[in-house]
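Please look over the sequence and the structure shown here.

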Amino acid sequence: MKSFFHVSDIGDLGVALEEARQVKATPYAWKHLGEDKTIMLVFFNSSLRTRLSSQKAALNLGMNPIVLNIGQDSWKLETEMGVVMDGDKSEHLREAIPVMTSYCDLIGIRSFAGLQDRAFDYSETVLRQFVEYGGKPVISLESATVHPCQAFADLITIEEYRKKKRPKVVLTWAPHPRALPQAVPNSFAEWMNAADVDFVITHPRGYELDSAFAGNAPVEYDQMKALEGADFVYAKNWSCPGVTDPAQYGQILSKDMGWTVDAAHMAVTNNAYFMHCLPVRRNMIVSDEVIDAPTSLVIPEAANRAVSAQVVMKRMLESL
Ligand code: SN0
């Protein structure tokens, strides 16, 4: 595997889930695979699960992780081409990328959407530069439009907890005080569309996800109706994707607290499990009651981040 951005990069999902099961059961069975190999984990943005689970996955494979926090430990980097560098950014990605990749075998990048320029974000400008100028396999650790390590961990979690062959999975928008990227819902939708689940999306009007990710998944604007009979409720806030009105890209269109997932919402489901990628704003996205209930999967879901990352790194090491 040369890059990990989309569900198509992992191939057959049944095979990937079986590999995840084996990795989880015997995480050290491939501890020689990463011997004398190095992964560079580059963070342009904050992280808790991603930086820890990625390092843990690398260590399980016997690989050395190097973590770099851009702007804190390094020079501030310019990401746009053709600009006069007279501001606060001291180095361009054009030089920084080949320098970084000269010290490693694999590279993971966290680079959130700026939410200012839809075309810049949706063409994955920063990630594409790492592919073009790095010459090493690249993992998106949440880039402008995707968070595949999260979506793979979510799929593993659904596979572990599903009580029927084809569960109903509902992705619901929920309110948040800040404008957040669409990477998590984009990838979740892309992966659920590829999985053997009955997938429904619900959000206020104007929050329509890009069709490259949402595909033909049904969108139900009545949240309660969408949640009826759900086996898994996946909550997430995202800002306006700008599909219907590009001028609204990255904006907060609603802070309607009626969308906060609480006990009344869960009551219409099929005793559903609650999921969220974390970090979560309690009593904005989800009530304490729901996230603290035994049906909340947020912790096992986060634990599976080390499993999804290990499968991806294992595949990349095997194809070096
Ligand atoms: C990120 C997002 O894409 O929504 C990362 C999720 C894995 N979340 C945030 O930035 C939350 C920040 C906040 O202030 O709650």
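Around the ligand stand Phe112, Glu142, His147, His176, Arg178, Leu180, Pro181, Lys236, Cys277, Leu278 and Arg281, a residue being counted if one of its heavy atoms lies within 4 Å of the molecule. The model is predicted, and local features need pLDDT of at least 70, side-chain atom pairs count only at pLDDT 80 or more, and totals for chains, interfaces and linings use all residues. Residue numbers start from 1 along each chain as its sequence is written, and side-chain values use heavy atoms, with hydrogens and water left out.

Which residues place a polar side-chain atom by an oxygen atom of the ligand? Glu142 has such an atom 2.7 Å from a ligand oxygen, and Lys236 also has one at 2.7 Å from a ligand oxygen. For Arg281 the distance from a polar side-chain atom to an oxygen atom of the ligand is 2.5 Å. A polar contact is a pair of N or O atoms within 3.5 Å.

The helices come next. Two packed helices are described by the angle between their axes and the distance between the axes. Axes are lines fitted to C-alpha atoms, for helices over the stretch in contact, and the angles run from 0 to 180 degrees between N-to-C directions. Helices (H or I, at least four residues) and strands (E, at least two) are DSSP runs, numbered from the N terminus.

Helix H12 (residues 298-318) and helix H2 (residues 49-60) have axes that come within 8 Å and cross at roughly 50 degrees. H2 and H12 are therefore oblique to each other; angles under 35 degrees count as roughly parallel, over 145 as roughly antiparallel, 65 to 115 as roughly perpendicular and the rest as oblique. On the H2 side the contact (heavy atoms within 4.5 Å) includes Arg49, Thr50 and Ser53, and on the H12 side Ala302, Arg305 and Ala306 are among the residues met. By class, this contact of H2 with H12 has six nonpolar, five polar and three charged residues. Here Ala, Val, Leu, Ile, Met, Phe, Trp, Tyr, Cys and Pro count as nonpolar, Asp, Glu, Lys and Arg as charged, and the others, Gly among them, as polar.

H12 also meets helix H1 (residues 13-25), with axes that come within 9 Å and cross at roughly 110 degrees. H1 and H12 are therefore roughly perpendicular to each other. Val15, Ala16, Glu19, Ala20, Val23 and Lys24 of H1 make the contact with Asn304, Val307, Gln310, Val311, Lys314 and Arg315 of H12. The classes in the contact of H1 with H12 are six nonpolar, two polar and four charged residues.

A further pair is helix H3 (residues 93-101) and helix H5 (residues 125-134), whose axes come within 9 Å and cross at roughly 55 degrees. That makes H3 oblique to H5. Leu93, Arg94, Ile97, Pro98, Met100 and Thr101 in H3 touch Val126, Gln129, Phe130, Tyr133 and Gly134 in H5. Seven of the residues in the contact of H3 with H5 are nonpolar, three are polar and one is charged.

Two backbone points remain. In the loop between helix H4 (118-122) and H5 lies Glu124, with phi near 50 degrees, a positive value in a residue other than glycine. Leu278, one of the residues around the ligand, is joined to Pro279 by a cis peptide bond with omega about 5 degrees. Pro279 sits in the loop between strand E11 (273-275) and helix H11 (288-291).

Key
A polar contact is a pair of N or O atoms within 3.5 Å; within protein, one must be able to donate a hydrogen and the other to accept it, and residues adjacent in sequence count only if both atoms are side-chain atoms.
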